[in-house]
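Good morning, and thank you for coming. I would ask everyone to look at the sequence and the structure together while I speak.

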Amino acid sequence: MKKDLPQVFANAIDKEMHNVQEYYYGNDTRNEVKLNYDEVIKKVEEIFHSPNYVYKINCDIVVNGKNLEKVVVGKTKNGLITMDNEIINFKDIEDINIK
């Protein structure tokens with residue numbers, strides 16, 4: 001008993017489509033305020049205890065005036081461990097935010 005499925009009707013596309021558009025959103029969220037050591041430790045603890053952190057989390061870290069985009073995977077007593085096997089000292093961090 002072989003049953004044939006009905007054929008699908010598709011319209012021919014005979015005109016040019018303009019449904020591809022590019023958008024750009026720029027947002028400058030840098031803070032020029034340098035946090036002290038205790039505030040940095042508090043923000044790091046909030047990041048590691050947030051429900052978004054499972055194994056790794058994307059962060060914007062300001063270190064000595066430079067804005068770095070790093071993937072943080074852990075922490076030690078004195079710093080953060082990144083996916084690149086870097087250790088960033090807490091004393092060098094001016095600000096840290098979840099991306």
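I begin with a salt bridge, that is, a side-chain nitrogen of Lys or Arg within 4 Å of a carboxyl oxygen of Asp or Glu. Lys99 and Glu69 form one through their side chains, with 2.8 Å from N to O. Lys99 belongs to the segment after β5 and Glu69 to strand β2 (residues 66-75), so this pair links distant parts of the chain, 30 residues apart. Helices (H or I, at least four residues) and strands (E, at least two) are DSSP runs, numbered from the N terminus.

Please note that this is a predicted model, in which local features need pLDDT of at least 70, side-chain atom pairs count only at pLDDT 80 or more, and totals for chains, interfaces and linings use all residues. Residues are numbered from 1 along each chain as its sequence is written, and side-chain values use heavy atoms, leaving out hydrogens and water.

Are Lys99 and Glu69 buried or exposed? Buried means under 20% relative accessible area, exposed over 50%, and partly exposed in between (1.4 Å probe, protein chains only). Lys99 is exposed because its relative accessibility is 55%, and Glu69 is exposed with a relative accessible area of 57%.

The whole structure has five salt bridges. In one of them, Asp95 pairs with Lys43, and the closest N and O atoms are 2.9 Å apart. Because Asp95 lies in strand β5 and Lys43 in helix α1, the pair ties together parts that are 52 residues apart in sequence. Asp95 is buried, at 5% relative accessibility, whereas Lys43 is partly exposed, at 23%.

Another salt bridge joins the side chains of Lys70 and Glu86, at 2.6 Å from N to O. Lys70 is in strand β2 and Glu86 in the loop between β3 (79-82) and β4 (87-89), so parts 16 residues apart in sequence are tied together. Through shared partners, salt bridges join Lys70, Asp84 and Glu86 into one network.

Thank you for your attention.
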